[in-house]
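Morning, everyone. I have one structure to walk through today. Please look at the screen.

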Amino acid sequence: MKQDYSYVGKSVDRNDSYGKTTGHAQYTADLKFPGMLYGKLIRSTIAHGRIKSIDTSEAEKLNGVKAIITAKDVPSMKWGLSPARFDENIFCIDKVRYHGDKIGAVCAVDEETVYKALKLIKVEYEELPAVFTWQDAAKEGAPQIFEEYPGNLNTEIHHHFGDVDAALKDAYYVRTDKFQGQRTYHAFIENHASAAYWDGDRAFLYSSCQSVHYVQYHLCRVLGMKMGNLTVRQTNVGAGFGGKLDPTGLDFAAVILSKITGQPVKMWYDHAETFLNGRGRHPMTMELTTGVDKNGKILAHKFDCVLEGGAYTGLGIASSYYAGSLLGVLYLIDNYKFDCRRYVTNLPPCGAQRGHGQPQPRFAFEHHIDLVGEAIGVDPIDMRLINARKGNSITTAGYEVKSYNLVGANKMARDASGWTEKRGKMGVGRGIGVGNGGFVTGAGFCQYRTDYPHSVGMVKIFDDGTRAYVYSNAVDIGQGSDTVLMQMAAEAMGYPYERCQMVTGDTDLSTLDFGAYASRQTLMAGWAVKRAGAEVKKKVLAKACEMLKASGRIKEGFGYLDGPLTPEDLDCVEGIVFVKQEPAVKLTFEEVARKYFVDHGVLLGRGWYHPGKLGGNHKGAAVGTSPAYSSATQVAEVQVDMETGQIECVDTWDVHDSGTIINPKLFHGQVHGAFYMGVGETIWEEVKFDKKTGKLLNGNFAEYRLPTALDMPPVESLTLDDSYEPNGPYGLKEVGEGATTPTMGAVANAIYDAMGVSMTELPITYEKVWRALRDKKASGK
Amino acid sequence: MSSFVVDKDGIKRYAVTVNVNGSDYTKVIKANTLLVNLLRDDLDLTGTKRGCELGDCGCCTVMLDGNPVNACLVLAIDCDGREITTIEGIQDGEDLDIVQEKFIEHAGFQCGFCTPGMIVSSRALLNENPSPTEYEVREAIAGNLCRCTGYVNIVAAVLDAAENL
Amino acid sequence: MYLPDFEYYAPDSIAEACQLLSQFGAKAKVLAGGTDMVVKMKNELLAPEVVVSVKNLEQLKKIEYVAGKGVCVGALCTHNDLVKSDVLKERYPSVANAARQMANNQVRNRGTVGGNISNAVPSADLPPIFIALNATAKLVGTKGERTVAMEDLFTGPGKTVMAQDELIAEVFIPDQKMTGSNYIKFGLRKSGALAVVGVAVAVQVENGVIKDARVALGAVAATPVRAKKTEEFLKGKNATDDVLAEAGVIASGECKPISDIRASAEYRTDLVRIFTKRALRKAVDEGHV
Ligand SMILES: Cc1cc2nc3c(=O)[nH]c(=O)nc-3n(C[C@H](O)[C@H](O)[C@H](O)COP(=O)(O)OP(=O)(O)OC[C@H]3O[C@@H](n4cnc5c(N)ncnc54)[C@H](O)[C@@H]3O)c2cc1C
Ligand code: FES
Ligand code: FES
């Protein structure tokens, strides 16, 4: 199935190399327009309360302040990323629901004046009691945060496949474990920013977001604008990881303020505000029960999960479903019960973060299954091999899985890491652990209801054939989607990659794509641009055939040709069109394209992608459907200081079953970054709030500790040579998010191997390890 | 002491001269202007980024008289008469610096937001220590946080650049 | 983020600087590297009306050995000046090493010795090792200069004995009888983390017997503190593992840590035990100060 390709499978340099290494690459905050104003949001200083009054008079008097807006100045229509739960307003109308909630916005002639104006705005509240944990939110008589969510219960899921109770009765061994995850956040280094201006009745918005389409859609819906009247554009985006998918208050406010003032307005968050914007990982409280036979084969599994959701829904419904929906893809589990609740609380909203909904349940399951294996004397990797799904199968929930080589990933990781020599054999303080994961390659459904294709692509060849423009609004947030999309388009056209250029980040000029989430772009936008490239190639070959015939260079019946020359006799590779049987007879793509332009005008290719109807009929089946599923195994080796509890992750291996790798260099970069986030969340990262006031405590990188270069271990990233996904263009499937999902389990299992105490609460901080070791000593075990 | 004018609110505005990437610039600024804002707003050198603004992330890293510092923590007026190298001053005309080339070759960046600071820190290290150990490379960039790459390809790029200086 | 407006002065001499501090009183603040002050101003914890930048006081940027007396470290030396100083590498590598564990490279290029001390944060990394080495600070004010032992300088979090018009001009580390010294910092990651506990020790060991010892603890009390009972206990003992372990236990009884966002008091107390033991072991074994 694998072929020799010109660009697919090659580590070509990223298309943004020059700009990003020289400082010339522009990000939203770098933009400057003539007459530009600067703006920020007004934020709540309490966690829960009714707004009694907002006094902006002092601020308005400040020299340089141009406009101040609050809820009364903007449309009151509710919005949200989950269509089932529109519960967010541009600015709070009646109540504020968390410390940092959006109350309004200010713009002024310079940044300093904006800060000074913000200080002069006085908001009076009638304070209401607040809740900061789901346990408090779920209590009888707890303060109600939304009328629409009685008991603060935001969503509830009950899935039951097979008969769990019966299967557990027959099991050789049954075990229940409890786990607690923490609230983390994306921690991209570029804070959100937006800039807007108007031209007549047309608005233009630059947003550092993950989907120009969703920003355009939601803003137009709430502001009552035609989508043709709002252009959403993008410069470079300083990463997102899920945190830039929801439109922000900045997007809305920039458009409205620039209309009111008639001047361009740039809005920005300070770093702490990116925490307040939230949408990071939900803390999950998890209980897992598994029954196995004596070989370790899973007979039944019960998963109970509660999510603390923060103040709004955002993508939280999908997060809840994802918590349980993909387990059955990884492992063969005929009897599976998933019960889940999501509560709203008075904290910034949680949402999607790399691996969406899955990493904490993966942590819990991967550690739990090690404990199960230990109890019945089965090696962790064997436990996984016995239960791993194989390709070309259908899950209990009805998802169709084509390529799937979790078995191969486990075996390769075992060999590469020296597992057999190391596991349980490295002495006290040193340990090795394994974890599995994987992800969807794009979701089966759009986030709102529409019959649009999920991705549309186009290729336009420049008049004289010297450049190919590849169109797609897939968003390159750093993962390198522009580069791999051009590689695929170039391959499909037979045109040099180096002469391709992306036209993207502009809802006017480029073509629809839903954006960077659910690891979807390489597959979905990949299909779209591949098909567009193929259409160009078809036209080029037809024109070349015509030219060759007219040139008299080809004589019918001449040697290798039976009949007249047809386009099927030609191919085009790397910019050369040639007769397949006689490659010396050739034309350049450029000359053919030029001739096409002379005869017909623009040489265009168009492509689109829709995943079609995918499996699963139960309620909520939409979350988890995908054209293709990746799988992955990671092994981590750690050193634990048995006195202080300090953990050092010393070495790691990742094997990702990712189909065809379009660009190995970028692929490995995804694995490294995914592991980085995973190990950070395992040991260091947690967003903290004051328990009494709900005020953010560590909204900075000093106390929200990302691993530094000194903390980060080397990562050996490996691939399976025979991995090929029939549903993906060129046989590809995802890597971006899937590689985050095994990490917490792998590292936690390594810590367990090192210290012999099971750590069930994230993050596994030095102090928690120290405490666990001390308690173990005290109990004399 | 630099000369100043007093504005109508009684605030002093100082004429400050800094040498940035080899050229002298004189700008009239308030004393509370941070170096990062002087570079970005007054000189349009937006390669120097603003991230955490508290000295923790390093995306604002520039060289001040050759030493990497966080431009978000330095008063512009304290730089009067001094030399600053920003990411825009790392390349030599149209030729990229070896560090830049190696970042490209190894894909030592993804979103690119940490990259200017990362490259400035790396270049400053190699200026001082042309053959660093891996530990020394990691130590030199430990004040440059990167959420995208896990530093793996960055460290490889800097070590490779050192070999090819 | 932004900084509030202030009046700015950059005096050319120490005398002029002190004069300005005296003239503006509590409204004025010295600015050295700014790595503390700018952060505090951005976080709205500080809003001085007058900022006296000491950037021009070149004479305070030197590290020198004064023959027969000791090492003199100018207050405006940056942390990286300490890391790279040949004088320190030769005579007090433990000081250079303490500096190397601070902050991150960019901050080490700006942050100064004087700022680290004057700031009087309990978790500051330099005071413990200076205390262990019996260092003194030279303070200069409008009324002249005085020398204060480093251990007597701090009176509480953010508080020192320094008068409003006084500057720290230099730190002096006297020639030692001590044969070994060491500072261990424990932070929650390997770089860019404030000390959860910092333990500095200096020991004089002869033929395996501890003749003298100084132990200073950071981040476990309102100020850096000396563990005097531990020091007393150590004197005259053989430097065996058991003895050093017991010294750790005693030291953990001498600290009064608080619980905060980074660590509990309980954890810190035990860390003092562990790192006192480890720091002593290293200082004894390495055999150089
Ligand atoms: C990211 C980051 C990480 C950090 N990590 C650490 C760490 O690991 N360990 C650590 O100990 N610190 C750390 N710090 C704090 C800080 O860098 C140090 O305390 C540094 O030494 C302060 O020096 P400075 O010159 O920057 O002080 P400044 O900010 O200029 O001044 C600090 C205070 O001291 C006063 N002052 C300064 N110099 C004098 C003088 N000569 N005489 C009298 N008063 C003076 C100032 O008025 C001010 O009140 C960190 C800071 C940052 C931003
Ligand atoms: S912006 Fe300066 S260190 Fe983060
Ligand atoms: S490349 Fe994105 S933060 Fe480093």
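Start with helix α17 of chain A, residues 589-600. This helix lies across β22, β23 and β24 of chain A. Against β24(A), α17(A) runs at about 50°. Keep in mind that this is a predicted model.

Now the sheet under discussion. Three strands of chain A make it up, in the order β22-β23-β24. The sheet is open, and the pairing is antiparallel. Which strands are at the edges? They are β22, residues 570-573, and β24, residues 582-588, both of chain A. Each of these pairs on one side only. On average, neighbouring strands here are turned by 30° against each other, ignoring direction.

Take one pairing in detail. Strand β23 of chain A covers residues 576-579, and four bridges join it to β24(A). The two strands run antiparallel.

Over to chain C. Here we have an open sheet of four strands, ordered β11-β12-β13-β14, again with antiparallel pairing. The edges are β11, residues 180-186, and β14, residues 225-226, of chain C. Each has a single partner strand, so one side of each is left without a neighbour in the sheet. As a reminder, strands of a sheet pair through backbone hydrogen bonds, either parallel or antiparallel.

How many bridges join β11(C) to β12(C)? Seven, and the strands run antiparallel. Strand β12 of chain C spans residues 197-206. A handy pair to pick out is Tyr183(C) with Ala200(C), its bridge partner in β12(C).

This sheet has a helix across it as well. Helix α12 of chain C, residues 265-286, lies across β11, β12 and β13 of chain C. Strand β13(C) is residues 209-218. The angle between α12(C) and β12(C) is about 35°.

Next, the ligand. Where does ligand 1 sit? Between chains B and C.

Now some polar neighbours. An oxygen atom of ligand 1 is 2.8 Å from a polar backbone atom of Ala32(C). At 2.8 Å, too, a ligand oxygen faces an N or O atom in the side chain of Asn116(C). For Ser118(C), a polar side-chain atom lies 3.0 Å from a nitrogen atom of ligand 1.

Two backbone details to finish. Most residues other than glycine have a negative phi, and most peptide bonds are trans. Here is a cis one: the bond from Leu762(A) to Pro763(A), with omega near -10°. Pro763(A) is in the loop between α19 (743-755) and α20 (766-778) of chain A.

And then phi. Asn152(A) is not a glycine, yet its phi is positive, about 65°. You will find Asn152(A) in the loop between α4 (134-137) and β7 (153-161) of chain A.

That's my tour. Over to you.

Terms used. Residues are numbered from 1 along each chain as its sequence is written. Chains are lettered from A and ligands numbered from 1 in the order in which they are written. This is a predicted model: local features need pLDDT of at least 70, side-chain atom pairs count only at pLDDT 80 or more; totals for chains, interfaces and linings use all residues. Side-chain values use heavy atoms; hydrogens and water are left out. A residue is near a molecule or strand if one of its heavy atoms lies within 4 Å of it. A polar contact is a pair of N or O atoms within 3.5 Å; within protein, one must be able to donate a hydrogen and the other to accept it, and residues adjacent in sequence count only if both atoms are side-chain atoms. Two strands pair if DSSP finds at least two bridges between them. Axes are lines fitted to C-alpha atoms, for helices over the stretch in contact, and angles run from 0 to 180 degrees between N-to-C directions. Contact means heavy atoms within 4.5 Å.
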